[in-house]
Amino acid sequence: MALVTKSIKGTQDTLPNESYKIQFVEQTVLETAKNYGYKEIRVPVFEHTELFQRGVGDTTDVVQKEMYTFTDKGGRSITLKPEGTAGAVRSFIENGMYGGVLPAKMYYIIPAFRYERPQAGRLREFHQFGVEVYGSASAQTDAETIFTADTLLKKLGLQIKLYINSIGCPTCRAAYNKALKDFFAPNLDQLCGDCKNRYEKNPLRLLDCKEEGCKKINAGAPKILDYLCEDCHAHFEEVKACLTLAGVDYEIDPRIVRGLDYYTRTVFEFVSTS
């Protein structure tokens, strides 16, 4: 009897009669990135596990629950990359690109891997498009990044709405983290297990919980925009001014945070309205 094999749960085949759709998206990505001055970077599919533990954050769901990690024949801990930024940063530093022309603007289209429960529209092997800009911390750079995404999504024919927020810098976030802990302390016993852990290690991530009980509690939490330092406040105001000047509509959502540790200041989401 012939051995019947099937694809692994959380993966899917792209058949010849469907591949043109992905090719269209990739071509649109390439053209948009090129028009905004980004050049492609390609990094390995797997990296040393420590890169993600230190760069993404050992308290994040990605690192704690979702990484495909294994020990190779040399006894090294290796991880299939769950996202693109950490590998791009590693390459930027390792190859001395900081000594070249700055800002360095790069993009990638990569396969990425996360061990999470497959659900509608989500796979354990997925593809990610991202851009990276190193050597500029300006508000104009943040706005241009958002504008690049806005242009791409509209080229693809998507109906979208943009939400933005600022999560400040380590200086002003310290005061905000204290305010969050003070707010959540009376309700600590009602939080889910993950949030009890986040409370001690990364209070900002309490706002990102999807559990209904936690969402109800954090609805009244302090807003980080009220705790921004002078520099971060000015930076966010300039981002908003740049977006307005570029004709990009947006809405401020003070509940937007990011689960990965390397994020500072401007954060944003595009949400489909169709």
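What follows goes from the sheet to the cavity, then to a loop residue and a pocket.

This is a predicted model, in which local features need pLDDT of at least 70, side-chain atom pairs count only at pLDDT 80 or more, and totals for chains, interfaces and linings use all residues. Residues are numbered from 1 along each chain as its sequence is written, and side-chain values use heavy atoms, leaving out hydrogens and water.

Let us begin with an open sheet of three strands, ordered E1-E5-E6 with mixed pairing. Strand E1 (39-40) and strand E6 (125-134) are at the edges with a single partner strand each, so one side of each has no neighbour in the sheet. Here strands (E, at least two residues) and helices (H or I, at least four) are DSSP runs numbered from the N terminus, and two strands pair if DSSP finds at least two bridges between them. Strand E5 (residues 104-113) runs antiparallel to E6, joined to it by 10 bridges; Ile-109, for one, has Phe-129 in E6 as its bridge partner. Across E5 and E6 lies helix H4 (residues 85-94), at about 40° to E6. That angle is taken between N-to-C directions, from 0 to 180 degrees, with axes fitted to C-alpha atoms, for helices over the stretch in contact; contact means heavy atoms within 4.5 Å.

On a 1 Å grid over the protein atoms alone, a cavity is a set of points where a 1.4 Å probe fits but cannot get out, while a pocket is an open set with protein on both sides within 12 Å along at least five of seven lines; lining residues have an atom within 4 Å of a point. A volume is the space filled by probe spheres set on the points, which are joined across faces, edges and corners. Among the residues lining the cavity are Ile-41, Lys-81, Tyr-108 and Ile-110.

Now find Ile-167, in the loop between strand E7 (160-166) and helix H6 (170-184). Beyond four places in sequence, Ile-167 touches residues including Arg-173, Leu-204, Tyr-263 and Val-267.

Finally, the second largest pocket has a volume of about 270 Å³. Of its 13 lining residues, Leu-207, Asp-208, Lys-210, Lys-215 and Arg-255 are the closest to its centre.
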